[in-house]
Amino acid sequence: MSFRDIFKKGFLTSYANTEITFRYAVLAMLVCLAIALVICAVYYFKSRKYFFSKEFAVSLVALSVITVSVILTIQASVVVSLGMVGALSIVRFRTAIKNPLDLVFLFWSIATGIICGAGLYFIALPLALILGIAILLSDEVPGVARNRILVLDGSYPYDEQQTMGIVKKYARWYNVRTESVHNDAVNLIIEVRKVKDSTGLIRELRQTGVFSDVSLLVQEGTID
(Lines give C-alpha, C1' and ligand atoms only; values in the text may rest on other atoms or scores of the structure.)
Protein backbone atom coordinates (compact mmCIF):
# COMPACT_ATOMS: atom_id res chain seq x y z
CA MET A 1 0.00 0.00 0.00
CA SER A 2 1.46 3.32 -1.06
CA PHE A 3 1.56 6.52 0.99
CA ARG A 4 -1.10 7.99 -1.30
CA ASP A 5 -3.49 5.13 -0.50
CA ILE A 6 -2.84 5.45 3.22
CA PHE A 7 -3.48 9.21 3.14
CA LYS A 8 -6.64 8.80 1.08
CA LYS A 9 -8.00 6.09 3.36
CA GLY A 10 -7.21 8.05 6.51
CA PHE A 11 -8.77 11.21 5.11
CA LEU A 12 -12.02 9.50 4.14
CA THR A 13 -12.18 7.59 7.42
CA SER A 14 -11.78 10.75 9.47
CA TYR A 15 -14.50 12.75 7.75
CA ALA A 16 -16.93 10.32 6.20
CA ASN A 17 -18.21 9.03 9.52
CA THR A 18 -18.80 12.32 11.32
CA GLU A 19 -22.04 11.79 13.19
CA ILE A 20 -24.61 14.54 12.75
CA THR A 21 -27.72 13.55 14.65
CA PHE A 22 -31.20 14.85 13.90
CA ARG A 23 -31.33 16.60 17.26
CA TYR A 24 -28.00 18.33 16.68
CA ALA A 25 -29.06 19.50 13.20
CA VAL A 26 -32.40 20.85 14.43
CA LEU A 27 -30.74 22.66 17.34
CA ALA A 28 -28.20 24.29 15.03
CA MET A 29 -30.93 25.41 12.62
CA LEU A 30 -33.15 26.79 15.41
CA VAL A 31 -30.29 28.77 16.98
CA CYS A 32 -29.29 30.04 13.55
CA LEU A 33 -32.91 31.00 12.82
CA ALA A 34 -33.17 32.92 16.08
CA ILE A 35 -30.00 34.88 15.37
CA ALA A 36 -31.10 35.45 11.77
CA LEU A 37 -34.33 37.01 13.06
CA VAL A 38 -32.19 39.34 15.18
CA ILE A 39 -30.26 40.29 12.03
CA CYS A 40 -33.56 40.92 10.25
CA ALA A 41 -34.77 43.12 13.13
CA VAL A 42 -31.55 45.16 13.09
CA TYR A 43 -31.92 45.61 9.34
CA TYR A 44 -35.53 46.75 9.79
CA PHE A 45 -34.76 49.35 12.47
CA LYS A 46 -31.72 50.57 10.53
CA SER A 47 -33.38 50.97 7.13
CA ARG A 48 -37.05 51.71 7.90
CA LYS A 49 -36.49 55.48 7.71
CA TYR A 50 -34.89 55.27 4.26
CA PHE A 51 -35.59 52.15 2.21
CA PHE A 52 -36.73 48.87 3.71
CA SER A 53 -36.89 45.85 1.42
CA LYS A 54 -39.05 43.01 2.72
CA GLU A 55 -37.55 40.63 0.15
CA PHE A 56 -34.02 41.45 1.30
CA ALA A 57 -34.99 40.90 4.95
CA VAL A 58 -36.48 37.48 4.14
CA SER A 59 -33.35 36.66 2.15
CA LEU A 60 -31.16 37.34 5.19
CA VAL A 61 -33.07 34.80 7.26
CA ALA A 62 -33.20 32.20 4.49
CA LEU A 63 -29.51 32.64 3.70
CA SER A 64 -28.49 31.87 7.28
CA VAL A 65 -30.60 28.71 7.46
CA ILE A 66 -29.39 27.50 4.07
CA THR A 67 -25.77 28.14 5.03
CA VAL A 68 -26.05 26.21 8.29
CA SER A 69 -27.58 23.31 6.33
CA VAL A 70 -24.65 23.33 3.92
CA ILE A 71 -22.11 23.36 6.75
CA LEU A 72 -23.85 20.45 8.50
CA THR A 73 -23.86 18.49 5.25
CA ILE A 74 -20.16 19.14 4.72
CA GLN A 75 -19.41 17.85 8.23
CA ALA A 76 -21.54 14.74 7.70
CA SER A 77 -19.87 13.53 4.51
CA VAL A 78 -16.75 14.66 2.72
CA VAL A 79 -17.94 13.00 -0.49
CA VAL A 80 -21.20 14.94 -0.49
CA SER A 81 -19.33 18.13 0.42
CA LEU A 82 -17.03 17.78 -2.58
CA GLY A 83 -20.02 17.27 -4.84
CA MET A 84 -21.73 20.29 -3.27
CA VAL A 85 -18.68 22.46 -3.86
CA GLY A 86 -18.68 21.43 -7.50
CA ALA A 87 -22.40 22.15 -7.84
CA LEU A 88 -22.21 25.54 -6.12
CA SER A 89 -19.19 26.58 -8.18
CA ILE A 90 -21.32 26.81 -11.32
CA VAL A 91 -23.88 29.11 -9.69
CA ARG A 92 -23.51 32.79 -10.52
CA PHE A 93 -25.17 35.51 -8.43
CA ARG A 94 -25.40 38.70 -10.44
CA THR A 95 -27.54 40.86 -8.14
CA ALA A 96 -25.79 44.19 -7.67
CA ILE A 97 -25.37 45.37 -4.07
CA LYS A 98 -25.34 49.17 -4.18
CA ASN A 99 -25.40 49.89 -0.45
CA PRO A 100 -22.24 48.78 1.43
CA LEU A 101 -24.33 48.22 4.56
CA ASP A 102 -26.44 45.64 2.71
CA LEU A 103 -23.22 43.77 1.98
CA VAL A 104 -22.46 43.79 5.72
CA PHE A 105 -25.85 42.24 6.47
CA LEU A 106 -25.34 39.57 3.80
CA PHE A 107 -21.90 38.63 5.11
CA TRP A 108 -23.22 38.68 8.68
CA SER A 109 -26.02 36.31 7.69
CA ILE A 110 -23.65 33.90 5.93
CA ALA A 111 -21.13 34.02 8.80
CA THR A 112 -23.90 33.21 11.28
CA GLY A 113 -24.83 30.12 9.28
CA ILE A 114 -21.22 28.96 9.13
CA ILE A 115 -20.61 29.53 12.84
CA CYS A 116 -23.84 27.82 13.93
CA GLY A 117 -23.16 24.92 11.56
CA ALA A 118 -19.82 24.42 13.29
CA GLY A 119 -21.58 24.42 16.68
CA LEU A 120 -19.75 27.54 17.91
CA TYR A 121 -22.80 29.25 19.38
CA PHE A 122 -20.68 31.08 21.93
CA ILE A 123 -19.26 33.07 19.01
CA ALA A 124 -22.49 33.64 17.06
CA LEU A 125 -24.46 35.02 20.02
CA PRO A 126 -21.96 37.71 21.13
CA LEU A 127 -21.43 38.61 17.47
CA ALA A 128 -25.16 39.26 17.04
CA LEU A 129 -25.30 41.31 20.23
CA ILE A 130 -22.20 43.44 19.67
CA LEU A 131 -22.63 44.01 15.93
CA GLY A 132 -26.36 44.69 16.27
CA ILE A 133 -25.83 47.34 18.93
CA ALA A 134 -22.98 48.91 16.94
CA ILE A 135 -25.09 49.20 13.78
CA LEU A 136 -28.13 50.60 15.59
CA LEU A 137 -26.05 53.19 17.45
CA SER A 138 -24.03 54.24 14.40
CA ASP A 139 -26.46 57.08 13.63
CA GLU A 140 -25.87 58.54 17.09
CA VAL A 141 -22.14 59.01 16.50
CA PRO A 142 -21.33 62.57 15.35
CA GLY A 143 -20.25 62.65 11.72
CA VAL A 144 -21.55 59.13 11.04
CA ALA A 145 -25.29 59.81 10.89
CA ARG A 146 -26.71 59.94 7.39
CA ASN A 147 -27.64 63.53 6.58
CA ARG A 148 -30.42 64.64 4.27
CA ILE A 149 -30.56 67.39 1.70
CA LEU A 150 -33.48 69.82 1.65
CA VAL A 151 -33.91 71.52 -1.73
CA LEU A 152 -36.22 74.56 -1.89
CA ASP A 153 -37.30 76.38 -5.06
CA GLY A 154 -39.52 79.41 -4.72
CA SER A 155 -40.00 83.13 -5.22
CA TYR A 156 -37.65 85.86 -4.05
CA PRO A 157 -37.62 87.67 -1.67
CA TYR A 158 -38.63 85.26 1.08
CA ASP A 159 -38.81 85.38 4.86
CA GLU A 160 -35.50 83.80 5.86
CA GLN A 161 -36.27 83.86 9.57
CA GLN A 162 -39.59 82.07 9.08
CA THR A 163 -38.07 79.46 6.74
CA MET A 164 -35.16 78.62 9.03
CA GLY A 165 -37.54 78.52 11.99
CA ILE A 166 -39.56 75.79 10.27
CA VAL A 167 -36.40 73.84 9.41
CA LYS A 168 -35.13 74.15 12.98
CA LYS A 169 -38.48 72.93 14.29
CA TYR A 170 -38.21 69.59 12.48
CA ALA A 171 -34.42 69.06 12.25
CA ARG A 172 -32.00 68.77 15.14
CA TRP A 173 -29.21 70.31 13.05
CA TYR A 174 -29.11 72.19 9.76
CA ASN A 175 -26.68 74.11 7.60
CA VAL A 176 -27.39 76.23 4.52
CA ARG A 177 -25.05 74.99 1.81
CA THR A 178 -26.19 76.99 -1.19
CA GLU A 179 -28.45 80.00 -1.75
CA SER A 180 -28.90 81.01 -5.39
CA VAL A 181 -31.03 83.92 -6.54
CA HIS A 182 -31.94 84.45 -10.18
CA ASN A 183 -34.33 87.28 -11.04
CA ASP A 184 -37.36 86.61 -8.85
CA ALA A 185 -36.52 82.96 -8.05
CA VAL A 186 -34.47 81.51 -5.23
CA ASN A 187 -32.92 78.08 -4.80
CA LEU A 188 -31.88 76.85 -1.36
CA ILE A 189 -29.90 73.71 -0.56
CA ILE A 190 -29.91 72.93 3.16
CA GLU A 191 -28.15 70.02 4.82
CA VAL A 192 -30.26 68.67 7.68
CA ARG A 193 -29.79 65.92 10.27
CA LYS A 194 -32.20 63.99 12.49
CA VAL A 195 -35.43 65.07 10.80
CA LYS A 196 -38.31 64.17 13.12
CA ASP A 197 -41.16 64.38 10.63
CA SER A 198 -40.30 64.62 6.92
CA THR A 199 -43.92 64.96 5.80
CA GLY A 200 -44.61 67.69 8.32
CA LEU A 201 -41.50 69.61 7.29
CA ILE A 202 -42.40 69.54 3.60
CA ARG A 203 -46.06 70.38 4.24
CA GLU A 204 -45.29 73.38 6.46
CA LEU A 205 -42.76 74.78 3.99
CA ARG A 206 -45.30 74.47 1.18
CA GLN A 207 -47.96 76.21 3.28
CA THR A 208 -45.85 79.37 3.45
CA GLY A 209 -46.81 79.99 -0.18
CA VAL A 210 -43.23 80.91 -1.06
CA PHE A 211 -41.75 77.61 -2.19
CA SER A 212 -43.32 75.88 -5.17
CA ASP A 213 -40.99 72.86 -5.05
CA VAL A 214 -39.75 71.21 -1.85
CA SER A 215 -37.57 68.04 -2.00
CA LEU A 216 -35.95 66.07 0.81
CA LEU A 217 -33.17 63.77 -0.41
CA VAL A 218 -30.94 61.24 1.32
CA GLN A 219 -27.27 62.22 1.31
CA GLU A 220 -24.92 59.30 0.65
CA GLY A 221 -21.70 61.22 1.17
CA THR A 222 -20.46 64.55 2.41
CA ILE A 223 -20.84 67.96 0.83
CA ASP A 224 -17.71 70.09 0.68
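The following legends describe close-up views of a predicted model.

Local features are described at pLDDT of at least 70 and side-chain atom pairs at pLDDT 80 or more, whereas totals for chains, interfaces and linings use all residues of this predicted model. Residues are numbered from 1 along each chain as its sequence is written, and side-chain values use heavy atoms, with hydrogens and water left out.

**View 1. Overall arrangement of the protein chain.**
The protein chain holds eight helices and four strands, where helices (H or I, at least four residues) and strands (E, at least two) are DSSP runs numbered from the N terminus. Read from the N terminus, the order of elements is α-α-α-α-α-α-β-α-β-β-α-β. Of the 224 residues, 32% are buried; buried denotes under 20% relative accessible area, exposed over 50%, and partly exposed the range in between (1.4 Å probe, protein chains only). Among contacts with a separation of 6 or more, 73% are between residues 24 or more positions apart, a contact being heavy atoms within 4.5 Å. The chain exposes about 14,400 Å², of which carbon and sulfur atoms supply 63%; accessible areas come from the Shrake-Rupley method with a 1.4 Å probe, and for residues only the protein chains shown count as cover.

**View 2. Helix 5 and its surroundings.**
Helix 5 comprises 18 residues (100-117) and spans 26 Å from its first C-alpha to its last, close to the 26 Å expected at 1.5 Å a residue. The expected span is 1.5 Å times one less than the number of residues. Buried residues of helix 5 include Asp102, Phe105, Trp108, Thr112, Ile115 and Cys116. The elements that cover the buried residues of this helix include helix 2 (22-47), helix 3 (54-76) and helix 6 (121-136). Gly119, with a positive phi near 80°, follows helix 5.

Lys169 is partly exposed at 44% relative accessibility, and Glu204 is partly exposed at 21%.

**View 3. The salt bridge between Glu191 and Arg177.**
The side chains of Glu191 and Arg177 form a salt bridge with an N to O distance of 2.6 Å. Because Glu191 lies in strand 3 (residues 185-195) and Arg177 in strand 2 (residues 171-182), the pair ties together parts that are 14 residues apart in sequence. Glu191 is buried, at 4% relative accessible area, whereas Arg177 is partly exposed, at 34%. The two side chains are also joined by a polar contact of 2.6 Å. A polar contact is a pair of N or O atoms within 3.5 Å; within protein, one must be able to donate a hydrogen and the other to accept it, and residues adjacent in sequence count only if both atoms are side-chain atoms.

**View 4. Tyr174 in strand 2.**
Tyr174 is located in strand 2 and is partly exposed, with a relative accessible area of 30%. Its C-alpha atom is 6.3 Å from that of Arg193, a residue 19 positions away along the chain. Leaving aside residues up to four places away in sequence, Tyr174 touches Met164, Val167, Lys168, Ile190, Glu191 and Val192.

**View 5. A nonpolar surface patch.**
Tyr44, Phe45, Phe52, Leu129, Ile130, Ile133, Leu136 and Leu137 make a nonpolar surface patch of about 760 Å². Helix 2 and helix 6 are the elements that give two or more residues to this patch, and helix 6 gives the most, with four. Patches are made of residues with over 30% relative accessible area and no salt bridge; like charges are joined within 9 Å, and nonpolar side chains (Val, Leu, Ile, Met, Phe, Trp, Tyr) within 5 Å. Phe45 lies in helix 2 and is partly exposed, at 44% relative accessible area.

Most residues other than glycine have a negative phi, and most peptide bonds are trans. The peptide bond from Tyr156 to Pro157 is cis, with omega near 5°, and Pro157 is in the loop between strand 1 (148-155) and helix 7. Asn183 has a positive phi near 55° and occupies the loop between strand 2 and strand 3. Asn183 is exposed, with a relative accessible area of 63%.

Methods: A salt bridge is a side-chain nitrogen of Lys or Arg within 4 Å of a carboxyl oxygen of Asp or Glu.
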